[in-house]
Each structure stands twice: as C-alpha cells, then as structure tokens.
Amino acid sequence: MREFIFKANKTITSSDINLKDLPGSCGRLDLLCRCVSDAFFLSHDIRRDVVFYAVLYGQPNPPVCIKFVGNELKKVSPDERNIAIFIKKALKKFEELDEEDRKYWNLSTPGIYVKRLGFRDLILEKLREGKNIYYLHRDGEDVENVDIENPVFVIGDHIGIGEDDEKFLDEIGAKKVSLSPLELHANHCITIIHNVLDKRGFNNTE
Ligand SMILES: C[S@@+](CC[C@H](N)C(=O)[O-])C[C@H]1O[C@@H](n2cnc3c(N)ncnc32)[C@H](O)[C@@H]1O
C-alpha cells in the first residue's frame, strides 16, 4: 500500500464550494484536487494500491478528514473540477451527520469516506496500524538513501504543515525525506514518490 496524508490548512470545510473559484474562496482546493489526481491517476488506469487522506482545516467546521481508497473509486476522473465535485459531495455528507456519527468513517461516494479526524489523531492511528511515517520535506534525507517500508507519506500544502505539527512528527519519530534540493509543489512530490517506488518495484503487497 502507498498511503498519503495531505494537510490542507485553509481548505473549506463546508459544501458551499464555488467550482469556479477553487484556489480562492475554497482555500486552495485546486491544490488538494491536483494531489488526489496525481495520487491515483495513470494514463488510462488508476493506482488501486493507494489510500489518500486529506485533513481539512479551513472554515467553517474543521477538522474534516476525507479518505480516498484507490481500489474502490468509481467515476472519479483526473481533472480538478471533477475531483472537486466529489469533495463537495463528501462535505455535504459530513454536514448531514450528527457529531456522534462523524466519529466514524462515513461513505460518501464509492471509495470516498468522511470523518471528524485531526491530523495528529490520524498519524497516531497509522502508527497503531504499524505504518512508518515519512514526512516529505526539502531538508530531509535524500530519498535515494532511504529504505521505504509500509509507508505513509505526509505532505504539506502551500503553507507547509506548521511548526507545531513538525515538532509532533519529530517526537513520534517520523523520518524526514527529501525529494529535491528545490521547494516543490505538493502534487509533484506525490508523482516523484510514485516514480521512486515504481522504479524500486514496490508493489501493493508491501
Ligand atoms: C509548496 S511546499 C510548502 C512550502 C511551505 N512554504 C513550507 O515552508 O513548508 C508543499 C509541501 O511539499 C513538500 N515538499 C516540497 N518540496 C519538497 C522537497 N524538495 N522534498 C520533499 N518534500 C517537499 C513538503 O511536504 C511541503 O510541505
């Protein structure tokens, strides 16, 4: 499995999404959609061995976690607008739930689930599942020298993940991994990680 956690610091947490303004009023929802696209889509195929989590911290009702499961996704296509429509549906589903039901994963559309879950609690869940946490950061260890097993890759948005969550990752022993000496876009990091793992022959049984 290849798992990703994307922290979306400003992305809207209501279904009041203006599909004509993903970057502005929706709090960089364009970036989240590009990350989902790059996490799952191959040319004429989909990566079934990927799970992608987006933790949304924008207004009005943070945090909201949306989970995308590759081997269950249906009808999602790679373009940003299409993905934004599925995120809007997930947020609508979330709005319809009471706070008790929000504690559990709720299916929105095939392969897309929504839950009240913050960044740190999600990381702690992954540790309990026996996953290794790799924090993607320009100043980490060169990926070429890092063994990757049972991975969850943590990626920030245009703001990063913030000092407090960086400290938290440090404390829980996350491995800081660099993909380039340059500062990259989050979605490009996903593409590079896939490429590194593809070349290593990393497959969905690992
Ligand atoms: C646009 S960058 C964030 C820039 C932000 N100003 C900061 O200082 O963190 C988005 C995310 O991509 C990842 N990233 C960017 N460049 C990287 C690199 N060279 N190696 C590994 N990850 C990188 C990091 O997770 C980062 O939070």
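I'll start with how H3 crosses H4: the crossing is right-handed. Keep in mind that this is a predicted model. H3 covers residues 119–128 and H4 covers residues 163–171. Their axes are 11 Å apart and the packing angle is about 15°. Angles under 35 degrees count as roughly parallel, and H3 and H4 are therefore roughly parallel to each other.

Which residues make that contact? On the H3 side they are Phe119, Arg120, Ile123 and Leu124, and they meet Asp164, Asp165, Phe168 and Leu169 in H4. Sorted by class, the contact of H3 with H4 has five nonpolar and three charged residues, with no polar ones.

Now the other helix pair. H1, residues 29–40, and H2, residues 80–96, have axes that come within 9 Å and cross at roughly 100°. That makes H1 roughly perpendicular to H2. From H1, the residues in contact are Leu29, Asp30, Leu32, Cys33, Arg34, Val36 and Ser37. Their partners in H2 are Glu80, Ile83, Ala84 and Ile87. By class, the contact of H1 with H2 has seven nonpolar, one polar and three charged residues.

Last, the ligand. There are 18 residues around the ligand, and Leu136, Leu179, Ser180, Leu182 and Leu184 come nearest. What does the backbone contribute here? A backbone N or O atom of Leu136 sits 2.6 Å from an oxygen atom of the ligand. For Gly156, a backbone N or O atom is 3.1 Å from a ligand oxygen atom. Ser180 has a polar backbone atom 2.8 Å from a nitrogen atom of the ligand.

Methods
Residues are numbered from 1 along each chain as its sequence is written. This is a predicted model: local features need pLDDT of at least 70, side-chain atom pairs count only at pLDDT 80 or more; totals for chains, interfaces and linings use all residues. Side-chain values use heavy atoms; hydrogens and water are left out. Axes are lines fitted to C-alpha atoms, for helices over the stretch in contact, and angles run from 0 to 180 degrees between N-to-C directions. Helices (H or I, at least four residues) and strands (E, at least two) are DSSP runs, numbered from the N terminus. Angles under 35 degrees count as roughly parallel, over 145 as roughly antiparallel, 65 to 115 as roughly perpendicular and the rest as oblique. A crossing is left-handed if the near helix is turned anticlockwise from the far one by less than a right angle, and right-handed if clockwise. Contact means heavy atoms within 4.5 Å. Ala, Val, Leu, Ile, Met, Phe, Trp, Tyr, Cys and Pro count as nonpolar, Asp, Glu, Lys and Arg as charged, and the others, Gly among them, as polar. A residue is near a molecule or strand if one of its heavy atoms lies within 4 Å of it. A polar contact is a pair of N or O atoms within 3.5 Å; within protein, one must be able to donate a hydrogen and the other to accept it, and residues adjacent in sequence count only if both atoms are side-chain atoms.
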